[in-house]
Amino acid sequence: MRYLPLTDTDRQAMLATIGAKTIDDLFVDVPEEARLNGPIEGLPMHASEMAVERHFSAMARKNMAAAHHPFFLGAGAYKHHVPASVDHLIQRGEFLTAYTPYQPEIAQGTLQMLFEFQTQVARLFGCDIANASMYDGSTACWEAIGMAGRVTKRKKAILSSGLHPHYVSVARTMARFTGDTLDLAAPQFAGSDTERLLAGIDGETSCVVVQYPDILGRIEDLTPIAEKAHAHGALLIAVVTEPVALGAIRAPGEMGADIVVGEGQSLGVGLQFGGPYVGLFACKEKFVRQMPGRLCGETVDAEGKRGFVLTLSTREQHIRREKATSNICTNSGLCALAFSIHMSLLGERGLRELAMLNHAKAVQAAERLTQIPGVALVNDSFFNEFTLQLPVNARDVVHRLAAKKILGGVSLGRLYPDEAALANGLLVAVTEVVSEADIESFATILRETLVEGAGA
């Protein structure tokens, strides 16, 4: 919204229209002692539009833009190259102004796009069916836990220690209102917690939630967890925060996952200061009527021509609240469109090539960074994100790297401030946008930073 100040003449005209002499007349019902009798301390007085623009532009220049510096941040939001055609197409008026397609006869373009999006997500995740998107990965994760409870009529969810802590936080918040019990643990550098997950599955378990790859970048075979969960009547939920990885590793659905959810930001959607993003949600067909959100389907019209409709819309605004599968009242339609366009431009071959490029760059970076004395690689396996164990507190290192114009990863101390054992962990993501020069700059400045830290 533009900054449009009023003139004194504007104010007088408005007051005259409503029959008031001064602005103070509008506040006669507010006690005198509750009224502000002067400027707000610390807040500057009014300024011209040009002065305000100049001030905020100067503040914006203090930001370290992802496009201008070596960038190794990840942890659920990844910097990939988005083709210019994606932004061009999503800004077409037919898409940009579209709302919920309640009237299919005038929303065929939007419905067909969502139908294609669902097909792409289902194939990517190795599942039978996918919905028309969710808000983001974290809420999709919670919706999957709630869905598992409806399917199994149970209230105990076992969450892997490798699940993103922000996703865990959303689940904990929601579980307070639903009565679900969450079995939680913090990650450790030494191995995964597959044994804990297997040992915890019993007749009261509704689901096991595993991130793939996990928060430290590790990749585990989900098959043993799926088999034991199914043997006890529980479901396996797989969470994918980096969908590009599925161009190189097995889809969770192929390993027995019943529900696969995730974050689609990597494809078509920029970092955007953390949002809006697009949640992905897929499952086995037998569970479709318990799936949240909405589903677009293909049909034929009265003349036998191919057409698209909203097949299932089990949301509060469509049906009775007690029958709804979710109170999420929309989807991320424009971001889903961006995802679908990017996927279409890549195709299967392009996605696989992109995935292999990401992995090769990450291997190159891991090999270079672990040549630095005191730096060790935690992972036995990874895709484009891995964890380093530093000889000092990683949070301090991240700040020192940023001061030298290197966005050098996410410290585990930031993600897990109460876990002292993880304080030296640094999570590094390497995508196709990272150059060899970026990796060399990171390695050189990291070495210098660690030497400075040791001498301090």
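Predicted model: local features only at pLDDT ≥ 70, side-chain atom pairs only at ≥ 80, totals over all residues.
**Stop 1: the largest cavity**

Select Ser 160, Ser 192, Asp 193, Val 210 and Glu 220. Of the 13 residues lining the largest cavity, these are the closest to its centre. The volume of this cavity is about 70 Å³. Now colour α8 and β4, the elements that each give two or more residues to the lining. Keep β4 in view, as the tour returns to it.

**Stop 2: the whole chain**

Zoom out. The protein chain holds 13 helices and 13 strands. Its C-alpha atoms fill a box of roughly 75 × 75 × 45 Å along the principal axes. Of the 456 residues, 48% are buried. Take the contacts between residues at least 6 apart in sequence: 72% of them join residues at least 24 apart.

**Stop 3: the seven-stranded sheet**

Show the strands β1 to β7. They make an open sheet with the order β1-β7-β6-β5-β4-β2-β3, and the pairing is mixed. Go to its edges, β1 (129–130) and β3 (181–183). Each has a single partner strand, so one side of each has no neighbour in the sheet.

Strands of a sheet pair through backbone hydrogen bonds, either parallel or antiparallel. Both kinds can be found here. Select β4 (205–211) and β5 (235–240). β4 and β5 run parallel and are joined by five bridges. Gln 211 stands opposite Val 239 in β5. Then select β6 (residues 259–263) and β7 (residues 279–283), which pair in the antiparallel sense, again over five bridges. Here the bridge partner of Val 261 is Phe 281 in β7.

α6 lies across β2 (156–159), β4, β5, β6 and β7, and runs at about 165° to β6. α7 packs on the sheet too, touching β2, β3, β5 and β6. The direction of α7 makes about 155° with that of β3.

**Stop 4: strand β5**

Stay with β5 and show its side chains. In a regular strand the side chains alternate between the two faces of the sheet. Which residues of β5 point one way, and which the other? Leu 235, Ile 237 and Val 239 point one way, while Leu 236, Ala 238 and Val 240 point the other way. Six of the six residues of β5 are buried, so this strand is largely enclosed by the rest of the structure.

**Stop 5: helix α9**

Select residues 223–231, helix α9. Ile 225, Ala 226 and Ala 229 are buried here. Look down the axis of α9: its buried residues fall within an arc of 100°, so they line one face of the helix. An α-helix has 3.6 residues a turn, so residues three or four places apart point the same way.

What do the buried residues of α9 pack against? Their neighbours are α8 (194–200), β4 and β5. Glu 227 and Ala 231 are exposed, on the face turned away from the buried side. After α9 comes Gly 233, with a positive phi near 75°.

**Stop 6: the four-stranded sheet**

Move on to β10, β11, β12 and β13. These four strands form an open sheet in the order β10-β11-β13-β12, with antiparallel pairing. The edge strands are β10 (376–377) and β12 (410–411), each pairing on one side only. Inside the sheet, five bridges join β11 (residues 385–389) to β13 (residues 425–429). Pick Thr 387 and you will find Leu 427 of β13 opposite. Helix α10 (residues 333–369) packs on this sheet, touching β11 and β13. The directions of α10 and β11 make an angle of about 10°.

**Stop 7: the largest pocket**

Select Leu 73, Gly 74, Ala 77, Gly 274 and Arg 414. Among the 38 residues lining the largest pocket, these lie nearest its centre. About 1200 Å³ of space lies in this pocket. Colour α6 (137–152), α7 (165–178), α11 (394–403), β12 and α12 (412–415), the elements that give two or more residues to the lining. Which element gives the largest share? It is α11, with four residues.

**Last stop: Gly 93**

Find Gly 93 in helix α4 (residues 93–96). At 41% relative accessibility, Gly 93 counts as partly exposed.

Methods:
Residues numbered from 1 in each chain as written. Heavy atoms only, no water. Pairing = 2+ DSSP bridges. Contact = heavy atoms within 4.5 Å. Axes fitted to C-alpha atoms, helices over the stretch in contact; angles between N-to-C directions. Buried < 20%, exposed > 50% of the residue type's maximum accessible area, 1.4 Å probe, protein only. Arc of directions from axis to C-beta. 1 Å grid on protein atoms, 1.4 Å probe; cavity = no way out; pocket = protein on both sides within 12 Å on 5 of 7 lines; lining within 4 Å. Points joined across faces, edges and corners; volume = space filled by probe spheres on them.
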